[in-house]
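Subject: Structure handover

Hi,

Here is the structure for you to look at. My notes on what turned up follow below.

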Amino acid sequence: MVVEEERSMEEGLLKLKNQNDTSHCRITACVILSTFVAVCGSFSFGVAVGYTSGAEIGIMQDMGLSIAEFSAFGSFSTLGAAVGALFSGKMAIMLGRRGTMWVSNILCITGWLSIAFAKDVLWLDFGRISSGIGIGLISYVVPVYIAEITPKHVRGTFTFSNQLLQNAGVSMVYFCGNFLDWRMMALLGALPCGIQAIGLFFVPESPRWLAKVGTEKELENSLLRLRGRDADISHEASEIQVGIGLMLIQQFSGSAAVISYASTIFRKAGFSVAIGSTMLGLFMIPKAMIGLILVDKWGRRPLLLTSACGMSITCMLLGLAFALQQKMQLLPELTPVFTFICVTLYIATYAIGVGGLPWVIMSEIFPINIKVTAGSLVTLASWSSSSIVTYAFNFLFEWSTQGTFYIFGAIGGGALLFIWLLVPETKGLSLEEIQISLTGQPDEISHM
């Protein structure tokens, strides 16, 4: 029985091995639909990230929250996501990629509805934690699912659409926060989860997961749907290795704090919150499109290096702007506009690289024999560090406005060195080729 299962698994892997060859692969309607359904969860992810910025004043006034209570509310999402990250890899392997997304939908919808109909702070915190756990699952399974269903020559572009829809969610909150109350925005956050839950009935499971569990017929049907009925489905494989460094860079460089509390930064600088939020909302999707276009043209490393450099410089300039305004009383009339420009540039440079590419690279370099453990660990590191930054930001901001951004800028400088020395280029390589380039040998089928 064991021999038969191993033989079935090997046959499945042989069907996957060369499927990613550019000359044999085309982008089918099923690949596009499957990616769209997957990134609906990413939209809800973005709404959760930007929600505290758009809802801050309304929630604090309506529910009578203190700064500490609101900071806790903001950080509970990332704390819940850290919990979700702990189970994301195991769940993705036990339930499959689609099954995990269904679970995340239940948690996110429950959480958003709890916030929308909250009667007191306990409802708010429960909703934030529930949706956070769902987001923790989404952050792992969506990029992995997309990377596993797309041909290698467009894998980066399709996987980066995860970041694009996250930005669309943030954009919606920034824009709609000017005329919708916080309860209505919570309902909007639940909507894409409902769309995804329905859409999952019409898309195939990841062929790589099907290969692992040995369901031969389902694997074949999945590949034929994704690659086309006349495609050669004789090969396609998955592969390996990286670290937590990119995720720590992503969070400790201040991204979660700047996006979650953009309105607080504008208010401190004396810039109109309504104008700033609206302009950022309009800017979010176009700037994410830049990374989407360039990821398979420039490659991962150039975009990451450009992104880290830009984030470091803009944070240093933000620190300087607040220092000139508060300590030296120089150019006070220019500080608000300068702050808005720097925040916009920070978010733009974050989006083209550090914002989305760590998830792309994670989905590419882990071999399937450690993908569960390593993926869960990296996702946990991301959300744990995000929780720390999100909770601590308001207190750091009160301690020293300029010092906060100097710290973020210094971390961005360290990120530049880390990327230069340690992050490999994966553009245009199949998952098997990435594995060989990193370890000198292909993934062992027996470990699958």
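Is Ser-260 buried or exposed? Ser-260 counts as buried, because its relative accessibility is 5% and buried means under 20%. Please keep in mind that this is a predicted model. Ser-260 sits in helix α10, which covers residues 255-260. Leaving out residues up to four places away in sequence, Ser-260 touches Val-49, Thr-52 and Ser-53.

Now the overall picture. The protein chain has 18 helices and one strand. It runs to 448 residues, and buried residues make up 60% of them. Take the contacts in the chain with a separation of 6 or more: 86% of them join residues 24 or more positions apart.

Helix packing

Two packed helices are described by the angle between their axes and the distance between the axes.

Start with α2 and α6. Helix α2 spans residues 29-63 and helix α6 spans residues 182-199. Their axes are 7 Å apart, at an angle of about 165°. The two helices are therefore roughly antiparallel to each other, since angles over 145 degrees fall in that class. The crossing of α2 past α6 is left-handed. Sorted by class, the residues in this contact are 15 nonpolar, seven polar and two charged.

Next, α13 and α17. Helix α13 takes in residues 300-326, and helix α17 takes in residues 401-422. The axes of α13 and α17 come within 8 Å and cross at roughly 160°. That angle makes α13 roughly antiparallel to α17. The crossing of α13 and α17 is left-handed. The contact of α13 with α17 holds 18 nonpolar, eight polar and one charged residue.

Then α11 and α12. Helix α11 is residues 262-269, and helix α12 is residues 273-294. Their axes come within 9 Å and cross at roughly 135°. That makes α11 oblique to α12. The crossing of α11 and α12 is right-handed. On the α11 side, the residues that meet α12 are Ala-262, Ser-263, Phe-266 and Arg-267. On the α12 side they are Val-273, Gly-276, Ser-277 and Leu-280. By class, the contact of α11 with α12 has four nonpolar, three polar and one charged residue.

Aromatic pairs

How many aromatic pairs does a search of the whole structure find? It finds 16. A pair of aromatic rings is described by the distance of the centres and the angle of the planes.

Look at Phe-393 and Phe-408. Their ring centres are 6.5 Å apart and their planes are at 10°, so the pair is stacked; the class takes planes under 30 degrees apart. Phe-393 is buried, with a relative accessible area of 0%. Phe-408 also counts as buried, at 5% relative accessibility.

Phe-408 has another partner in Phe-405. Here the arrangement is edge-to-face, at 6.2 Å centre to centre and 80° between the planes. Both Phe-405 and Phe-408 lie in helix α17, three residues apart, about one turn of the helix. Phe-405 counts as buried, with a relative accessibility of 0%.

These rings belong to a cluster. Ring pairs link Tyr-261, Phe-322, Phe-393, Phe-397, Phe-405 and Phe-408 into it.

A loop residue

One more position to check: Val-354. Where is Val-354 placed? It lies in the loop between α14 (335-352) and α15 (357-365). Val-354 is buried, because its relative accessible area is 2% and the cut-off for buried is 20%. Without counting residues up to four places away in sequence, Val-354 touches Ile-249, Gln-250, Leu-304, Ser-307, Ala-308 and Met-311. The C-alpha atoms of Val-354 and Arg-300 are separated by 9.8 Å. Along the chain, Val-354 and Arg-300 are 54 residues apart.

Best wishes

Terms used: Residues numbered from 1 in each chain as written. Predicted model: local features only at pLDDT ≥ 70, side-chain atom pairs only at ≥ 80, totals over all residues. Heavy atoms only, no water. Axes fitted to C-alpha atoms, helices over the stretch in contact; angles between N-to-C directions. Helix = DSSP H or I, 4+ residues; strand = E, 2+ residues; numbered from the N terminus. Parallel < 35°, antiparallel > 145°, perpendicular 65-115°, else oblique. Left-handed = near helix turned anticlockwise from the far one by under 90°. Contact = heavy atoms within 4.5 Å. Nonpolar A, V, L, I, M, F, W, Y, C, P; charged D, E, K, R; others polar. Phe/Tyr/Trp six-rings, centres within 6.5 Å; stacked < 30°, edge-to-face > 60°. Buried < 20%, exposed > 50% of the residue type's maximum accessible area, 1.4 Å probe, protein only.
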